[in-house]
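Reader: I'm new to this one. Can you walk me through it while I ask quick questions?

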Amino acid sequence: MKLKRLLICGTAALALAGAAQAEGVKVGMITTLSGGGAGLGVDTRDGFLLALKNAGDAGKSVELVIEDDQQKPDVAVQIADKMIQSEQVDVLTGIVWSNLAMAVVPAAVGQGKFYLSTNAAPSQLAGAGCNPKYFSVSYQNDNLHEAAGAYATDAGIGKVFIMAPNYPAGQDSLAGFKRYYKGEVVNEIYTQVGQTDYAGEIAQIRNSDADAVFFFLPGGMGIAFMKQYAESGVGKQVIGPAFSFSQDILPAVGDAALGVKNTAQWSKDLDNAANAAFVETFQAEYGRLPSLYAAQAYDTANLLLSAIAKADVQDADAFRAALAEADFPSVRGKFSFGPNQHPIQDYYVREVVKEGDVLTNKIIAPAMADHGDAYAEQCKM
């Protein structure tokens, strides 16, 4: 892990052209760069780095240290402790998985560090566990699934089989879907995190009277499920959040994903100048289309830069106020924070399509406008 860290940090240092010598903010990025979830962390890292590069001299105010959490909570905790105590970072970011976030974030903010979430946003941190130094720049975990539930209701889908991994984000996922779905849930299954064989679950889907399947299985889990589901010939309609059909996994899923409806707060075809510049420069820099994870990390870096321009990170109250203003051009267009420092934003229904030989998503309808989250009223800051 040490060698991997040094290589990654070296890459970051080159990309930032001497950021380590710049006065500013030291940021520790803990993300997943190996194993089945590596694609999510790679896009997180690359989106964040791109924002710093695109910012020019302003981006050099950030010294970035990146380490691989291996998708293991204990490793994430060890890295966070080292970053806080030895590296003396000012801000932490980058965690993809909610079980890792729950292991790291409460202790980090308890030690006075800011945490800006590029992805994981468990309900426990949105409600009673909210903290002045914790901002989610992505969403609240339930949100994309709430939008899927609303879509399934509007589409007249009467019966749904729902499935997610058994960890905080999976639990939030199904809670969110059920909150806005008005039809009948015929079965609710929690799978193992990292599971790759879904024969048993697919058999249950086949034998159910569900009209459709809603599933949240990010990264390699979603790839495995969709391939096996397509081969099974079950044929029931599939619905998911963007995580299940993100740009990072579509090439591996293949044509089995064509036509699938999924919900998101971002898409590469959102019509605003910030998004157009992001998509263009990401493709130019990395030779691939960006995913939702890259978009969220890009916005997180730009939020951070907007706060650095207004306040000293050592003045915690001023820096928090600068972050809360969300005074940056988001790739999502309209963006603000609610009272629990989670986003208020629009959500969309997307469809997996093919552009030439490339599988991607396009927006086909709005799902929710100016949507916050169900836990804000429990937050007492």
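Reader: Which residues is Ser 117 in contact with, leaving aside its neighbours within four places in sequence?
Author: Ser 117 is in contact with Tyr 134, Phe 135, Ser 136, Val 137, Ser 138 and Thr 300. Contact means heavy atoms within 4.5 Å. A word on the source: this is a predicted model, where local features need pLDDT of at least 70, side-chain atom pairs count only at pLDDT 80 or more, and totals for chains, interfaces and linings use all residues. Residues are numbered from 1 along each chain as its sequence is written, and side-chain values use heavy atoms, with hydrogens and water left out.

Reader: Where does Ser 117 sit?
Author: In strand S4, residues 114-117. Strands (E, at least two residues) and helices (H or I, at least four) are DSSP runs, numbered from the N terminus.

Reader: Is Ser 117 buried or exposed?
Author: Ser 117 counts as buried, because its relative accessibility is 1%. The cut-offs are under 20% relative accessible area for buried, over 50% for exposed, and partly exposed in between (1.4 Å probe, protein chains only).

Reader: What does the side chain of Ser 117 reach?
Author: The backbone nitrogen of Asn 119, at 3.2 Å.

Reader: You listed Ser 136. Where is the place of Ser 136?
Author: Ser 136 is in strand S5.

Reader: What else does Ser 136 touch?
Author: Not counting residues up to four places away in sequence, Ser 136 touches Ser 117, Ala 121, Phe 337, Gln 341, His 342 and Pro 343.

Reader: New topic. How many disulfides does the structure hold?
Author: There is 1 disulfide. Cys 130 and Cys 379 form it, with sulfur atoms 2.1 Å apart. The term needs a pair of cysteine sulfur atoms within 2.5 Å. The link of Cys 130 and Cys 379 is right-handed, with 95° about the S-S bond.

Reader: Which parts does the pair tie together?
Author: Cys 130 lies in the loop between helix H5 (123-126) and strand S5 (134-136), and Cys 379 in the segment after strand S13 (358-371), so the pair ties together parts 249 residues apart in sequence.

Reader: Is Cys 130 buried or exposed?
Author: Cys 130 is buried, with a relative accessible area of 12%. Cys 379 also counts as buried, at 11%.

Reader: Now helix H6. Where does Glu 146 come in?
Author: Glu 146 lies in helix H6 and counts as buried at 1% relative accessibility. Its side chain makes a polar contact of 2.6 Å with the side chain of Arg 179. Beyond four places in sequence, the contacts of Glu 146 include Gly 176, Phe 177, Met 368 and His 371.

Reader: And Asp 154: buried or exposed?
Author: Asp 154 counts as exposed, at 68% relative accessibility. Asp 154 is in helix H6 as well, which covers residues 143-154.

Reader: How much space lies in the largest cavity?
Author: About 120 Å³. The largest cavity is lined by 15 residues, and Asn 119, Tyr 139, Tyr 167, Ala 169 and Phe 216 lie nearest its centre.

Reader: And the second largest cavity, how much space there?
Author: About 70 Å³. Its lining includes Trp 266, Lys 268 and Arg 350.

Conventions
A polar contact is a pair of N or O atoms within 3.5 Å; within protein, one must be able to donate a hydrogen and the other to accept it, and residues adjacent in sequence count only if both atoms are side-chain atoms. On a 1 Å grid over the protein atoms alone, a cavity is a set of points where a 1.4 Å probe fits but cannot get out, and a pocket is an open set with protein on both sides within 12 Å along at least five of seven lines; lining residues have an atom within 4 Å of a point. Grid points are joined across faces, edges and corners, and a volume is the space filled by probe spheres set on the points.
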